[in-house]
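My notes follow the order in which I checked them.

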Amino acid sequence: MSSMTPDMPRMLRAVPPPERQPAIESAVLGTLVFIVTEIMTFAGLISGLVIVKANHLGPWPPPDQPRLPIEATAFNTLVLLASGVALYQAWRAYKRRPLEAKRPFALAIGLGLFFVLFQGFEWVRLIGQGLTMTSSTLGAFFYLIVGAHALHAVVAIILLCVFYRRLTRLELQPGTFLAAQVFWFFVVGLWPILYVQVYL
Amino acid sequence: MAESVPAESAHAHDHHDHHEQSFASKYLFSTDHKIIAMQYMFTGLAMGLIGAFFAYAFRMQLAFPGMDVPFWGQVSAAEYNALVTNHGTIMIFWVAMPVLIAAFGNYLIPLMVGCDDMVFPRLNRLSYQIFLLSAIVLIASFFVEGGAFGGAWTAYPPLSAKAEYSLTPLGSSIWVVAVALEFVAFLLGGINFVTTAMNSRAEGMGMYDIPVVIWMIVIASILFMASVGPLVAGAVMLLFDQTIGTNFFDPDRGGDPVLWQHLFWFFGHPEVYVVLLPAMGITADIMAVFARKKLFAYKTILYTTFATGVLSFMVWAHHQFVAGIDPRMAHVFTITTLLISIPIAELCFVYIATLYKGSITLTTPMLWALAFLFEFLIGGVTGIFLGASGADIYFHDTYFVLAHFHYTFFPIAIIGTYAGITYWFPKMFGRMMNDTLGKIHFWGTIIPFNCIFIPLFFLGMGGQHRRIYNYENFPELAGQGMQDLRVFATVALLVMLAFQVVFVINFIVSLRSGKKAENNPWRANTLEWQTPSPPPHGNFGSEMPKVYRGPYEYSTPGREEDFWPQNAPS
């Protein structure tokens with residue numbers, strides 16, 4: 001590497017190597033880079049909650065606040081995980097024959113939709129019981145973190161619907177499908193962590 | 001601002017565009033990476049003028065308290081705060097980032113890795129549009145009731161969270177929204193940069209054939225993406241505290257104000273390296289070209305930069321030594337902070353080794369590159385004092401910090417930008433810049449710059465606190481000696497600003513009637529110089545380049561020419 005020796009530079013090649021295939025498809029790589037930011041955003045939110053929990057005097061969650069629906073949400077967590085599995089099944093079917101992917105794909109969307117609606121139903125109940133963003137730091141972090149996740153879930157479901165339409169018309173590219181899958185796995189995989197941190 | 005790009009600059013040798021485009025679709029809504037780069041650059045430079053004007057207004061107030069500042073008038077205390085806050089915000093988020101990363105990244109990545117455009121061109125266009133919107137939103141905050149936000153660019157709560165303290169009920173929320181929008185813009189840009197550099201390289205270009213400036217911009221983008229998340233989280237929490245009265249940062253109701261400082265500086269410190277790295281990349285390429293020597297230790301530079309990037313995530317609490325953090329934690333952060341000076345010092349040594357025994361031509365870009373190295377060195381060395389928690393407890397919030405910061409950021413944002421513009425101007429616009437005017441501008445900027453900030457080191461050591469708008473109210477800081485230094489710094493600022501007119505004149509005159517630039521006026525190796533100046537739409541015409549060697553094969557023994565383009569078959 002030294003430029004002071006009279007040797008010929010080492011990085012020479014007589015013939016250029018054959019054209020590379022990218023190791024990761026662009027759509028997938030772009031999504032992965034985006035997910036790095038997303039993970040760090042949620043890490044920021046969770047570390048905020050952890051610090052506030054640690055500084056809190058007295059028992060956590062604060063006894064004067066409504067109890068979070070731990071069991072119902074555990075069930076809902078399983079629904080979301082099932083949605084992730086369904087999308088993976090759709091990907092496997094897609095690789096065999098694209099139209100076979102329609103049913104598991106629709107199932108993934110349906111389960112995801114159920115998760116979001118169930119969460120919305122929970123929120124309405126909790127607000128009725130007096131847990132709001134301004135009632136306590138518990139409420140503030142609960143709605144902030146769960147809401148941020150819900151926002152991602154809703155956007156992802158809308159995108160999945162768009163891609164489902166493309167799938168039925170046989171216009172869905174494998175790279176796009178894989179990128180959508182990566183993002184949905186992020187939404188699904190993040191939730192159990194949030195559940196443990198926020199609910200338990 | 002894109003209108004100021006002359007028509008012949010972008011599409012002169014247009015092979016790809018067969019249909020005539022309207023002005024708007026060509027310059028305002030283009031997906032061409034070169035046009036988007038120009039949009040970023042001119043918007044960034046225009047914001048730079050605003051930021052410089054703010055500095056002028058508050059420096060006049062400090063030197064001559066209570067005077068009627070020309071073009072502004074009396075600077076009230078609230079206005080002073082807003083000016084200082086927005087000077088910092090604009091210079092970092094709306095000048096350094098858009099020009100160094102977005103403009104040079106957009107312009108150089110596809111040209112230097114040898115592809116026709118970014119991987120996601122429409123995402124790229126959206127990125128600029130959001131950025132422009134964020135700039136407009138920020139400027140709008142000056143015209144709302146209560147005025148612009150004045151709680152410093154670090155926006156510590158409770159000052160930033162509560163309108164009854166900041167007295168800017170709308171200004172502080174608009175500030176947060178503008179910064180958040182700006183982050184979204186760079187997020188989209190960063191996705192493009194990383195993906196394009198990884199997936200769209202020309203045939204034959206391996207990882208170690210990528211020019212250092214591209215590596216630096218890519219690593220800077222990754223650092224940005226990995227660090228901005230917590231600040232986005234914090235910004236949302238701050239916005240909720242401001243608007244709907246949540247209590248994330250309110251200690252009275254269970255919140256924690258220091259939490260904001262952690263979230264902010266977790267981003268804030270890597271951010272220093274986010275803007276430093278592109279500037280270091282620009283100077284590395286310029287030094288190799290004008291020393292006519294192979295860049296010393298290419299791989300070492302890469303590994304050192306990776307190490308810097310990793311370490312930069314472990315130093316953030318050195319901004320909080322007086323914020324009531326555990327002294328044991330302060331020790332840890334002192335150690336990591338002092339450690340990070342090692343890779344940066346190593347980079348400086350590697351650059352000096354590149355210059356050693358080179359045949360150096362002192363062109364304007366080379367002067368800027370050398371000045372970057374020397375001025376940044378002063379910034380780095382003074383940082384050691386602030387990184388050590390013992391010394392920092394005295395220096396905290398004095399002008400010593402401010403002078404140190406400007407000795408790092410001025411070389412990065414201003415010197416690095418001028419180096420890049422003067423070096424790539426022939427490629428961007430197809431004409432040469434005037435070298436004499438360039439050198440007058442160079443010396444007229446560098447000498448006053450040192451005259452501004454060296455006195456501030458002494459003022460800081462004398463105990464001058466940062467956040468004071470009229471020192472006459474503080475007898476121990478109002479002495480004649482200290483006031484003289486303030487006046488000296490302010491006069492130097494005026495001189496420096498006056499010399500920027502030379503640059504503007506040089507830029508416009510060269511754009512209109514400069515000498516026509518050849519394809520490769522600096523006889524450089526990298527791919528962007530192997531295509532017409534300015535490059536056509538699609539960059540390389542019908543045949544994309546093939547790469548045969550690394551980017552720094554200068555003065556190769558046994559070759560007649562002292563350079564060896566990356567795409568020249570041997």
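How are α1(A) and α5(A) oriented to each other: roughly parallel or roughly antiparallel? I kept in mind that this is a predicted model.

**Helix pair in chain A.** I looked up helix α1 (residues 26–55) and helix α5 (residues 174–199) of chain A; they pack at an angle of about 10 degrees. Their axes are 10 Å apart. Angles under 35 degrees count as roughly parallel, and α1(A) and α5(A) are therefore roughly parallel to each other. I then listed the residues of the contact. From α1(A) they include A:L32, A:I35, A:F42 and A:I46. From α5(A) they include A:L178, A:V182, A:F183 and A:F186. By class, the contact of α1(A) with α5(A) has 14 nonpolar, four polar and one charged.

**Contact between the chains.** Next I turned to where chain A and chain B touch. The contact takes 35 residues from chain A and 47 residues from chain B. On the chain B side, α7 (169–199), α8 (212–243), α9 (257–291) and α10 (298–311) each supply at least two residues.

**Chain B overall.** I found 16 helices and zero strands in chain B. Its C-alpha atoms fill a box of roughly 70 × 50 × 45 Å along the principal axes. A compact globule of 570 residues would have a radius of gyration near 25 Å, and the 24 Å of chain B agrees. Buried residues make up 56% of chain B. Last, I checked contacts in chain B between residues at least 6 apart in sequence: 82% join residues at least 24 apart.

Conventions: Residues are numbered from 1 along each chain as its sequence is written. Chains are lettered from A and ligands numbered from 1 in the order in which they are written. This is a predicted model: local features need pLDDT of at least 70, side-chain atom pairs count only at pLDDT 80 or more; totals for chains, interfaces and linings use all residues. Two residues are in contact if their C-beta atoms, placed from the backbone, lie within 7 Å. Helices (H or I, at least four residues) and strands (E, at least two) are DSSP runs, numbered from the N terminus. The radius of gyration is taken over C-alpha atoms; the globule rule is 2.2 Å times the number of residues to the power 0.38. A residue is buried if 20 or more other C-beta atoms lie within 10 Å of its own, exposed if 12 or fewer, and partly exposed in between; C-beta atoms are placed from the backbone. Axes are lines fitted to C-alpha atoms, for helices over the stretch in contact, and angles run from 0 to 180 degrees between N-to-C directions. Angles under 35 degrees count as roughly parallel, over 145 as roughly antiparallel, 65 to 115 as roughly perpendicular and the rest as oblique. Ala, Val, Leu, Ile, Met, Phe, Trp, Tyr, Cys and Pro count as nonpolar, Asp, Glu, Lys and Arg as charged, and the others, Gly among them, as polar.
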